[in-house]
Amino acid sequence: MLRGHSIIRLLTGVFLLLFLFCSQACPHSGEGRTVIVGGPSNFPPYSYLDPTSGKPMGFHVDLARAVAEAAGISIEIHLGPWSHIRQELLDGEVDVIQAMAYTPERDALYDFSPHHTIVNYAVFARKDSPTIHSLEDLSGKRIIVNKGDVSHDYLVNKGIAIAPDTAENQVEALRLVSGGRYDFTLASQLSGLYWVKKLGLSNITTVAEPFGEQRFCFAVKEGNEALLSRFSEGLAIVKSSGRYRVLYDKWLSGSEPRKISVDSLVLYGILLLALAVIIASLITLWFWTLRKQVRMRTSELRQEIAEHQSTERALRESEERFRLIFDTTGAGMNTFNVHGRFIQVNPRLCSMLGYSEQELLQKTVEEITAPEDLELTRSFYREVFAGDLKSFDYEKRFLRKTGEVVWAHVTVAWTFDAEGKPATAVAMVQDITDRKLAEELLRQSEERFRTAVSNAPIILWAVDRNGQFTLAEGKGLASLGMKPEQVVGKTVQDIFADVHPLETYLEKALSGEAFSSKNEIQGRAYEILWSPKRDNGGEIVGIIGVSTDITERHLAEKRLRENQERLNYLSYYDPLTQLPNRLLLHDRLQHAMEKSRRSGKQVVLLFLDIDRFKTVNDSMGHALGDRVLCEVAIRLAEHVRHSDTLSRFGGDEFVILLEEINDLHDISAIVQKIQFSLAQNLQIEDLNVYPTASIGISHYPGNGEDGGSLLKAAEIAMYRAKELGSNHYQFYTQDMDTHAREKLVLEADLRAALEQNELILHYQPQIELSTGALVGTEALVRWQRPQGQMVSPGDFIPLAEETGMIVPLGEWVLREACRQNKAWQQKGLTAVPVSVNISALQFRQRDLVELVSRVLRETGLDARFLRLEITESMIMGDVNASIAILQELDRMGILCAIDDFGTGYSSLSYLKKFPISALKIDKSFVRDVTSDTNDASIAISIIALARSMKLSVVAEGIETEEQLAFLRENGCENGQGYLFSRPVPPQDIEPHL
């Protein structure tokens, strides 16, 4: 029987060797790469970490190494907590688990090799734990198992525990049972007994015979059949060679107990006996016949195995050499299949393209090829598949992971299968980006040079020692009517005989001197650079030159000089009148004052401002206004000596500098002559103009120590003369400076008053004369300084009009009057219109109507309770514009009255076109209405006019009962004045409402 077993084992080994021989001829996955083999780190004697060295040890560790060696696989053992190792296999961090118990549940996640070890599991418990007779007795008990261990699935499948508690490892589970937290744990019998002894857990024992045997196999992640096949083949070799038995005896000593029941033993015995009878009968029939063939075949197989192992060693050595070259070469290398997908890539290629190895292995050649070179790459593929090419090399562009372009020289060689079809390709990729960049920069440089030479107005030329041209290029040749071929071969004298001194230039350059010259050739200006040309030995063999056409620059420089002269003139002279300007005046004034200090004679300044010149400009236009200024300059020049200076200071201002003046009394006579001359009729086209001037006079040294002070004094005197009316002159006095300074201070204070809310409104009642009833109020602005003193409106209103501050001042008055009137109405007081005076500057503002609308909207005042008072001179300035503005206000429902009626120059033909509601009789007529028949007639006429035009009339300045009686008798409806009330603060007007 033993001999029969030996024969069966021998036959089994033979068939396994045949299977392995066939399988070794097939390509294997994983060659050339270290395979990570994982396993538990605390599963003695199967696998564990040596406490001293920390190295992996145990039966499964040695078995994995033996199998890998037999299969020709390079491996690395990686031990850790069992649950972690399983997860690392699923994550791809571990390739193979050296020993995993097979279960149907795990079969869905992993692929298993034939089993290589049978491990018996037992129940471990404390010696004082409840007694159990079978595994079913564990139901409902406190059980803990190693996390991820097969015992967990076993308990669940048996229905013993739905979800048993788990520990991180087998050691922790045993300690928890020993400590009394749990009653039972299931573990490998050998490993569990090892840890009970190792940890000194004397209260732990096995409480049942081994309850089951688990078949341990090599396991890989599902789908990695190639790698699993290699390990299965290696396992068959190890088992058939007897090495498995050696390792088993070393670590397990054949002492692993097996749980076999009596019934099973009987059954196994019967089966074995029957099998033995059958085998014995078969062996008896054909054993002797086949024995010789088996021996012969065994010998052949051994020889084939030896040869196969030799071939494998040679192949491994070849692969190792290829891998060494592949990984360490300075060029990028890769292999790819017929679909262009990468099979292998070396570190240099990864670095070149910026991808990791795993990223590149997921890509194809086309995916990393620049779009511009895709068709070229595909054309090579087509030639290979057509059988026209086996290898090729070319330059192409790749795309880095960052999107940058990498230029490379690619060499590709293909391998072919048995049918002659392309199988895989090996490619070498050399980075030539720097070379391509250098070539491109050189090309661009050459292109720029050619473009510059071709387009710039230069001639690049060279001559030999005999003066014969060897080179002539550049756009400049065309300007001379020449072509390069017409120049090369001829001498300098042939082409440029009219250039002097040509011979001298040639001698200087051929003697080694580099220089430049400017010459005129055929009517054009050239700047020529002459440089000696030397050979490698330093000997002068000719001349290299560049001729630049500078004709345009030459002409531009000429124009620049002319413009500079013109600019210098304009810097000191007025372009309109051709008179010296203020800059030249300052210079001459300084010179005159220095001369005065030496001679003791006086210097006089006349500062002239043309009266009403703005009116001339506005009515006649600026062109005619300029002609007026030129005629004024001519008339002024008639009264200036050759030693004096007449200058246009700016706008309509002129300054006359009089030098060497002995007596200031003579100045008045000179000024009067100037005024008389200016005032004469000046006819321009069909218009007659009578210009006059306001003149301020200052003198040195009496009115200033420097030119600036002297001019300022004359200007102050001019403004004082202008205040007196047109065609006046004034000598500067000290009090004028004080007056001007006070005016400036008042202007600054007024600006501050606007910003700091120092302005207030007083209101004067408007009374119905027949009944004495209040029919309206007039808002009048007042200025109360922080100290309490009041500033007269006669002082600050003209200043506001002169400086333009009347516009923001008027806007404030309008808004405050509307706000106050609305506030009175909200108190329940009588609602009457409030009158607000509009200045001429406000009326000319384009946004007056929009401003009034906005103020009414913001304050909430109804438009019928606002009356705007406008002087007749304002609306007659531009009749058409005034009519348009008044019509817009009328459409809004706003009342408009003409203030100070009778003092201006209203035309009755226009007056009827204005949409107004009232006329106000000026107080100058009311004041003497009882004593002056002219004033009485004017007042009566205005009242009659208003009645005829169905307008209301308001008399201003009523101060006496006599004036009131006269106005009543003549039908005047309304009035205001000190007889009824002075302008009072808002709170004082409320009793009248």
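Which residue forms a salt bridge with Glu213? The partner is Arg215, the closest N and O atoms being 3.9 Å apart; a salt bridge here is a side-chain nitrogen of Lys or Arg within 4 Å of a carboxyl oxygen of Asp or Glu. This is a predicted model, in which local features need pLDDT of at least 70 and side-chain atom pairs count only at pLDDT 80 or more, while totals for chains, interfaces and linings use all residues. Residues are numbered from 1 along each chain as its sequence is written, and side-chain values use heavy atoms, with hydrogens and water left out.

Across the whole structure, 40 salt bridges are found. One of them joins Lys147 to Glu168 at 4.0 Å, N to O. This pair links distant parts of the chain, 21 residues apart. Lys147 is partly exposed, with a relative accessible area of 36% (buried means under 20%, exposed over 50%, partly exposed in between, with a 1.4 Å probe and protein chains only). Glu168 is likewise partly exposed, also at 36%.

A contrasting case is Arg635, which is buried yet has no salt bridge. The nearest side chain of opposite charge, Glu631, is 5.3 Å away (Lys and Arg count as positive and Asp and Glu as negative; His and the chain ends are not counted). Beyond its neighbours within four places in sequence, Arg635 is in contact (heavy atoms within 4.5 Å) with residues including Ser677, Leu682 and Pro691.

Technical notes. Helix = DSSP H or I, 4+ residues; strand = E, 2+ residues; numbered from the N terminus.
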